[in-house]
Amino acid sequence: MTTDAPEILTQMKAGARAMWSAGDFPAIAQRYLWPVGERLVRRVGIGAGEQVVDVACGTGNAAIRAAEAGGVVRGIDITPRLLEEGRHLAEKAGVTVEWIEGDAEDLPVPDESADVVLSTFGVMFAPRHRVAAVELARVLRPGGRLGICSWTPEGLQGEFFRILGAYMPPAPSFAQPPLLWGNEQHVRELFAGTGVQLEFEREMATEEPRFHSGIEALEFNSTTFGPLMAVRAELERRGEWPAVRDRLAALYETGSEAEYLVALGRKT
Ligand SMILES: C[S@@+](CC[C@H](N)C(=O)[O-])C[C@H]1O[C@@H](n2cnc3c(N)ncnc32)[C@H](O)[C@@H]1O
């Protein structure tokens with residue numbers, strides 16, 4: 001899908017960068033996402049010296065684990081602040097990752113140069129899904145492997161997106177909802193004709209350490225997670241935050257396990 005409004009696309013990307021820079025995303029990633037990168041790298045299997053690209057890598061959830069497994073890793077993300085934090089984490093872990101500012105829809109990576117392409121809850125946030133999927137397939141060499149984790153519409157994060165979505169202005173027509181990446185049929189359609197054969201698994205992410213209550217989880221998330229902080233500020237301005245706060249607290253009270261889809265691919 002293309003857009004005839006490149007300035008809107010540019011604005012969206014600048015907005016995304018600001019949103020992911022706000023708050024303390026490294027703390028969110030550590031608490032909610034960190035086991036997933038390790039699991040994905042183990043599942044895909046990375047051999048010493050393999051060329052790995054982690055798309056929308058954030059602070060290096062998959063990238064650092066891939067480097068620990070022996071990969072030669074490039075971590076690409078649109079938000080420089082997170083790359084900076086990733087650099088510190090990689091240093092602490094004693095591994096080398098090349099951190100590159102870049103867009104999942106226009107990867108700064110040559111054709112067919114990667115043995116493995118990974119993305120944990122990352123590529124799902126690029127607005128044009130087909131453009132991003134074609135990019136992932138382009139940089140994979142024939143025989144290369146793909147591993148993508150995305151929240152499912154059926155899981156806790158799906159409900160989180162729906163609660164907030166009801167209060168947000170509609171996205172431009174070319175921008176598809178991130179949760180579609182959590183649907184097997186949609187992901188198959190995205191990679192149709194790219195040579196990537198897919199299979200799927202569903203897994204659960206659990207925060208660590210656990211919160212004691214929904215209110216505690218809400219308090220942490222709404223003062224730490226940039227995208228939610230931005231929504232909260234807007235809803236407070238409109239006087240609508242209390243209703244949303246209560247719904248989110250009730251959601252977090254129901255449990256802490258969030259389902260995600262693992263899309264595993266191989267390029268023929
Ligand atoms: C939920 S975070 C996940 C980060 C990391 N993969 C992890 O598992 O912790 C989403 C990431 O997508 C990045 N992102 C959003 N839109 C992007 C785009 N168009 N291109 C590259 N990165 C993007 C954000 O900067 C952020 O780092």
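In which hand, left or right, does α2 pass α3? The crossing of α2 past α3 is right-handed. A crossing counts as right-handed if the near helix is turned clockwise from the far one by less than a right angle, and left-handed if anticlockwise. Helices here are DSSP runs (H or I, at least four residues), numbered from the N terminus.

This is a predicted model: local features need pLDDT of at least 70, side-chain atom pairs count only at pLDDT 80 or more, and totals for chains, interfaces and linings use all residues. Residues are numbered from 1 along each chain as its sequence is written.

**Helix packing**

Two packed helices are described by the angle between their axes and the distance between the axes. Axes are lines fitted to C-alpha atoms, for helices over the stretch in contact, and angles run from 0 to 180 degrees between N-to-C directions.

| Pair | Angle | Axes |
|---|---|---|
| α2 and α3 (61-68) | about 40° | 8 Å apart |
| α3 and α4 (80-93) | roughly 25° | within 10 Å |

The angle of about 40° makes α2 oblique to α3. α3 is roughly parallel to α4. Angles under 35 degrees count as roughly parallel, over 145 as roughly antiparallel, 65 to 115 as roughly perpendicular and the rest as oblique.

α3 and α4 also cross in a right-handed way. Ala63, Ile64, Ala67 and Glu68 of α3 meet Gly86, Leu89, Ala90 and Ala93 of α4. Contact means C-beta atoms, placed from the backbone, within 7 Å.

**Around the ligand**

The ligand is surrounded by 23 residues, the closest being Ala56, Gly58, Asn61, Thr79 and Thr120. A residue is near if its C-beta atom, placed from the backbone, lies within 6 Å. α1 (6-21) and α2 (25-44) each give two or more residues to this shell.

Definitions and conventions:
Contact = placed C-beta atoms within 7 Å.
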